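Here is a short briefing to read alongside the model. Please keep the viewer open as you go through the points.

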Amino acid sequence: MNEENFHRLLHRPGTLVDIGAHDGLLTIPLARLPGSRVLAFEPLPSAFARLQAALCAAFGGAPDHVACHHLALGDHQGSITLAMPVLDGVAQEQWASTAKDYAAHVSARVSVERFTVPMRRLDDFALNDVTAIKLDAEGAEYEILRGARETLQRCRPVLTLEVEERHRQGSTYAVPAYLDALGYDVFFELNGAWHPMADLDRATMQRASSDPSVFEASDPYVFVFYALPREESAAMLDTLRRAG
């Protein structure tokens with residue numbers, strides 16, 4: 001199951017948050033769900049420009065129910081460095097991160113572009129109706145969730161998260177543990193079956209190179225996780241399983 005189908009199946013009207021929106025691949029489908037208001041966060045300047053353009057193209061102008069924020073999210077307010085590797089002269093936007101700077105991988109093929117971007121906590125927005133969050137932040141997931149603690153406790157949204165050891169060692173332990181403490185159950189889907197986080201075999205399911213010039217990963221490579229509020233987890237999981 002992909003993230004779009006997950007959010008469609010468990011959709012509830014309210015505010016949907018897209019963290020690491022890039023050029024709107026998920027922002028646009030979320031914005032088309034009934035009764036949705038979308039907040040999209042994207043710190044990379046080039047991706048943010050494409051995000052705005054894609055929304056205008058999809059809706060015939062800037063949609064009133066989508067707010068785009070050119071900033072990073074984290075666990076405090078201020079500014080932060082966003083590092084993006086460039087491989088053979090081609091920007092690797094999907095690897096842009098506030099959690100690492102790629103200095104160890106600089107070579108004849110790899111250089112790094114850095115941007116200073118504003119940063120806020122999701123809690124600073126004082127949202128009261130968040131029903132879903134998508135999070136893809138190349139290693140910064142833990143800090144972003146720390147900065148969303150009050151929102152998670154107040155609103156109890158469902159979450160999809162991309163969490164990878166190659167971007168931050170220990171993150172597949174720390175992020176689920178943090179969510180567990182907030183009363184969330186974390187799952188992954190593999191070959192049509194849903195598994196608790198405890199079933200993740202990192203040696204065979206999370207092996208990948210942290211070097212942007214080396215494209216190597218385990219098969220299967222499990223990096224998308226789904227977090228459900230524990231008080232609704234059983235019913236929601238049943239909905240997902242019945243959908244196949």
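Arg 168 and Glu 143 join their side chains in a salt bridge, with 2.7 Å from N to O. The two residues sit 25 apart and link distant parts of the chain: Arg 168 belongs to the loop between strand E9 (158-162) and helix H6 (171-181), while Glu 143 is part of helix H4 (residues 141-146). Arg 168 counts as partly exposed because its relative accessibility is 30%. Bear in mind that this is a predicted model.

**Salt bridges**

- Searching the whole structure gives 15 salt bridges.
- One of the salt bridges pairs Arg 50 with Asp 23, and their closest N and O atoms are 3.6 Å apart. Arg 50 lies in helix H3 (residues 45-59) and Asp 23 in the loop between strand E1 (14-19) and helix H2 (27-31), so this pair ties together parts that are 27 residues apart in sequence.
- Both partners have intermediate accessibility values: Arg 50 is partly exposed at 32%, and Asp 23 is partly exposed at 29%.
- Another salt bridge connects Arg 109 and Asp 88, where the closest N and O atoms are 2.6 Å apart. Here Arg 109 lies in the loop between strand E6 (90-91) and strand E7 (110-120), and Asp 88 in the loop between strand E5 (78-87) and E6, so the pair ties together parts that are 21 residues apart in sequence.
- Arg 109 is partly exposed at 39% relative accessibility, and Asp 88 is partly exposed at 48%.
- Which residues join Arg 50 in one network? Asp 23 and Glu 93 do, through salt bridges that share partners.

- Met 205 is located in helix H7 (residues 202-205).
- Is Met 205 buried or exposed? Its relative accessibility is 14%, and buried means under 20%, so Met 205 counts as buried.
- Leaving out residues up to four places away in sequence, Met 205 touches Phe 188, Leu 190, Asp 199, Leu 200, Ser 218, Pro 220, Tyr 221 and Val 222.
- Val 110 is 95 residues from Met 205 along the chain, and their C-alpha atoms are separated by 26 Å.

**Ala 198**

- Ala 198 is in the loop between strand E11 (193-196) and H7.
- With 74% relative accessibility, Ala 198 counts as exposed.
- From C-alpha to C-alpha, Ala 198 and Pro 176 are 9.7 Å apart in space, and they are 22 residues apart in sequence.

Note on methods. Residues numbered from 1 in each chain as written. Predicted model: local features only at pLDDT ≥ 70, side-chain atom pairs only at ≥ 80, totals over all residues. Heavy atoms only, no water. Helix = DSSP H or I, 4+ residues; strand = E, 2+ residues; numbered from the N terminus. Buried < 20%, exposed > 50% of the residue type's maximum accessible area, 1.4 Å probe, protein only. Contact = heavy atoms within 4.5 Å. Salt bridge = Lys/Arg side-chain N within 4 Å of Asp/Glu carboxyl O.
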